[in-house]
Amino acid sequence: MANAQGSTVIGESILISGSLTGDEDLTVRGRVEGNVNLTKTLMVEASGVVKAEVQVRACVIAGIVVGNVTATESVEITKEGRMVGDIA
């Protein structure tokens with residue numbers, strides 16, 4: 001489901017297990033397990049949980065990320081955000 005900004009939203013009741021690859025922004029409100037490879041921004045909202053190896057342009061973590069994050073631009077962890085893993 002795409003919102004007005006052209007990003008995809010994974011809802012709170014959704015669990016995705018596997019590999020996600022894309023060329024647009026992704027907002028996670030539910031759970032993602034596996035691999036995430038995006039050319040744009042990954043937003044993990046407060047309700048979101050990502051257990052994955054992440055390769056993105058930029059990442060904003062307000063929820064939970066377990067795994068390594070590789071970003072070509074930036075990684076931001078908000079006051080509410082939690083991360084276990086390495087940032088490159």
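Before we set off, one term: here, contact means heavy atoms within 4.5 Å. Also keep in mind that what you have open is a predicted model.

**Stop 1: valine 54.** Select Val54 and show what surrounds it. Skip the neighbours within four places in sequence, and you'll find valine 54 in contact with Val36, Leu42, Asn68, Val69 and Thr70.

**Stop 2: the largest nonpolar core.** Val54 belongs to the largest nonpolar core, a group of 18 residues, and together with Leu42 and Val50 it touches the most other members. To see where the core comes from, colour these strands: E3 (26–28), E4 (31–38), E5 (41–44), E6 (49–61) and E8 (69–77), each of which supplies at least two of the core's residues. Which strand gives the largest share of this core? That's E6, with six residues.

**Stop 3: threonine 27.** Next, click on Thr27, which you'll find in strand E3. Is threonine 27 buried or exposed? Its relative accessibility is 9%, and buried means under 20%, so threonine 27 counts as buried.

**Stop 4: lysine 79.** Last one! Head for the loop between E8 and strand E9 (82–84), where lysine 79 has its place. With a relative accessible area of 72%, lysine 79 is over the 50% cut-off, so it is exposed. Now select alanine 62 as well and draw a line from C-alpha to C-alpha: lysine 79 and alanine 62 are 17 residues apart in sequence, and 7.3 Å apart in space.

Methods
Residues are numbered from 1 along each chain as its sequence is written. This is a predicted model: local features need pLDDT of at least 70, side-chain atom pairs count only at pLDDT 80 or more; totals for chains, interfaces and linings use all residues. Side-chain values use heavy atoms; hydrogens and water are left out. A nonpolar core is a set of buried Ala, Val, Leu, Ile, Met, Phe, Trp, Tyr and Cys residues joined through side-chain atoms within 4.5 Å. Buried means under 20% relative accessible area, exposed over 50%, partly exposed in between (1.4 Å probe, protein chains only). Helices (H or I, at least four residues) and strands (E, at least two) are DSSP runs, numbered from the N terminus.
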